[in-house]
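I am opening my notebook on a structure that is new to me. I shall write down what I looked up, entry by entry.

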Amino acid sequence: MRDAYVIGAGMTKFGELWSNSIRDMFVEAALKAIDDAGVDHIDSMYVGAMSSGLFVQQEHLGALMADYLGVVPMPATHVESACASGGVSFRQAFLEVASGASDIVLAGGVEKMTDGADVTDALATAADQEYEVYHGITFPGLYAIMARAHMQEFGTTREQLAAVAVKNHRNGSKNPNAQFRSEVTLEQVIRSTMVADPLRLLDCSPVSDGAAAVIVASEAVAKKLGKQRIRVAASAQASDTLALHSRKSLTTLNAVVAAAQKAYKMAGKKPSDIQIAEVHDCFTIAEVIVSEDLGFFEKGKGGEAAANGLTSLETGKIRVNTSGGLKSKGHPVGATGIAQIIELYEQLNGKAGARQVENARIGLAENMGGTGASCVIHILEAL
Ligand code: COA
C-alpha cells in the first residue's frame, strides 16, 4: 500500500442549523476542505451519513452532493455505518489512495437531525430492531445498561461519569465550531434531567446538524503541494454483535479492542505513544469504556482516570476529546468521524488555537456505530 496524507480540512459549525439544508452544509464543508488543500480537482468522494432518508427524506447522497459540488461525472459514494459512517468514509478514501486507484479523494460526512424527524426512533434503527428496539429500548437506555454494569463491576461512580462531561464541555468552550460552548460543573451534570438512569441530560451527546470534510492525497500530490506532513499511519475497522444481549461482557467493546490491536500494529505504535485521542463519547460511559479498551487505562479504571484529570487538556497523560467530543462539540452522526479527524489534523498542524496541545505529533480517532457494533480507528502522525 502507498502512503496517504491528510492535506486539507473543512467543517461547518455544529448545532441547530435551521437555515442550512443538508446539501448546503455538505458543500460548505467540502469547499472549505478543497480550498484548504489547495487542489484544483478531486478524483472521487465519499459521503458518510447514517440516516438521511429518515431525518430529511433524502437518500442517494453521493450523486446529490457531487451535483451540488459541481463535480459530476466524478464517482461519489454514500457510506453508511450508523454513527461510524464518517469514520468509514475516511477509511474508504484512505484505501482508495493507498491502493493507487486515485490520488486525491474527498472524505466527507453530514447529518441534518433537527428538521422535525423522530430522532430517537431514527437513531434506534442502528440497534437490533427485533430483539432490542421492539421492546422499547433506545440508545440512551442501552448505554445506561452498560453504565450500570460498569458501576457494579468496577465501582465506577456517578461523579466519575460527570467528570467526563465537565472536561468535554470545558474543551468545547474553546472550540468555535462546537454546539455547546458553555462550561458545566459536576453539580450541574449530576442534577441535570434524568434521561435513562443513571444517564442524565448532561451525560448525553446532543441532536445536531453539521458537515465535515477532509482531503486525502498520495505522497506525490502532498509533496507537490508542500503538504507532506500529516500521514495516515493506520486505518482499522472491526464489528461486533448489534444486540447487547449477545455479548459476553457489557463493559468491554470487542470491536474497539479488535480495531485498536490492528491499528497499533499497522502504525507500529502502542497506547502510550498516543498523545491526543478523539473518542466516541456519545454518552459519558462510552468515553470511560473506550479509554480502557484502547489500552490507555487498565480495565475498570477509566472513570477514575477522568476524575483525576488524566485525560484533560490541562493535566492529562493523554488528552482525550480536546475538541469537546460529541458531548459538547455536537454529534451530527454521519459527520462525527470526519470531525474527529479534523481535530487531529488541526492539533498535529499546531492550529488548534486555545485547545492546542504542545508538541502534538501522534493522534488517534475512534468512531463507533450503535453500542460499538461497528468501530473504525485511525492513527495520524505528523512528520
Ligand atoms: N447536552 C446539553 N444540553 C442539551 C443536550 C445535551 N445532550 N440536549 C439538549 N440540551 C439542551 C438544549 O439546548 C435545550 O436548552 P435550552 O432550553 O436552554 O434551549 C434543553 O437542553 C432542552 O433541549 P431539548 O432539545 O428539548 O432536549 P430533549 O429532551 O429533546 O433531548 C436528549 C435531550 C438527551 C434526549 C437528546 O439530546 C438525545 O437523544 N441525545 C442522545 C442522542 C443519541 O442517542 N445519539 C446517538 C448516540 S449512539
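Leaving aside its neighbours within four places in sequence, which residues is arginine 158 in contact with? I found Met151, Val189, Ile190, Pro198, Leu199, Arg200 and Asp203, where contact means heavy atoms within 4.5 Å.

Before going on, I note that this is a predicted model, in which local features need pLDDT of at least 70 and side-chain atom pairs count only at pLDDT 80 or more, while totals for chains, interfaces and linings use all residues. Residues are numbered from 1 along each chain as its sequence is written, and side-chain values use heavy atoms, with hydrogens and water left out.

Entry on arginine 158. I placed arginine 158 in helix α7, residues 158-172; helices here are DSSP runs of H or I with at least four residues, strands are runs of E with at least two, and both are numbered from the N terminus. Its relative accessibility is 15%, so arginine 158 counts as buried (buried is under 20% relative accessible area, exposed over 50% and partly exposed in between, with a 1.4 Å probe and protein chains only). I also looked up glutamate 187, which lies 29 residues from arginine 158 in sequence and 11 Å from it in space, C-alpha to C-alpha.

Entry on glycine 226. I found glycine 226 in the loop between α9 (219-224) and β8 (230-239), and with a relative accessible area of 67% it is exposed. Isoleucine 7 is 219 residues away along the chain, yet the two C-alpha atoms are separated by 9.3 Å.

Entry on helix α14. I checked the length of α14 (residues 333-348): at 1.5 Å a residue its 16 residues should span 22 Å, and the end C-alpha atoms are 24 Å apart, which agrees; the expected span is 1.5 Å times one less than the number of residues. Of these 16 residues, 15 are buried. After α14 comes glycine 350, with a positive phi near 70 degrees.

Entry on α4 and α14. Helix α4 (residues 85-98) packs against α14 at an angle of about 60 degrees, with the axes 5 Å apart; the axes are lines fitted to C-alpha atoms over the stretch in contact, and angles run from 0 to 180 degrees between N-to-C directions. That makes α4 oblique to α14, since angles under 35 degrees count as roughly parallel, over 145 as roughly antiparallel, 65 to 115 as roughly perpendicular and the rest as oblique. Ser85, Gly86, Gly87, Ser89 and Phe90 of α4 make the contact with Gly334, Gly337, Ile338 and Ile341 of α14.
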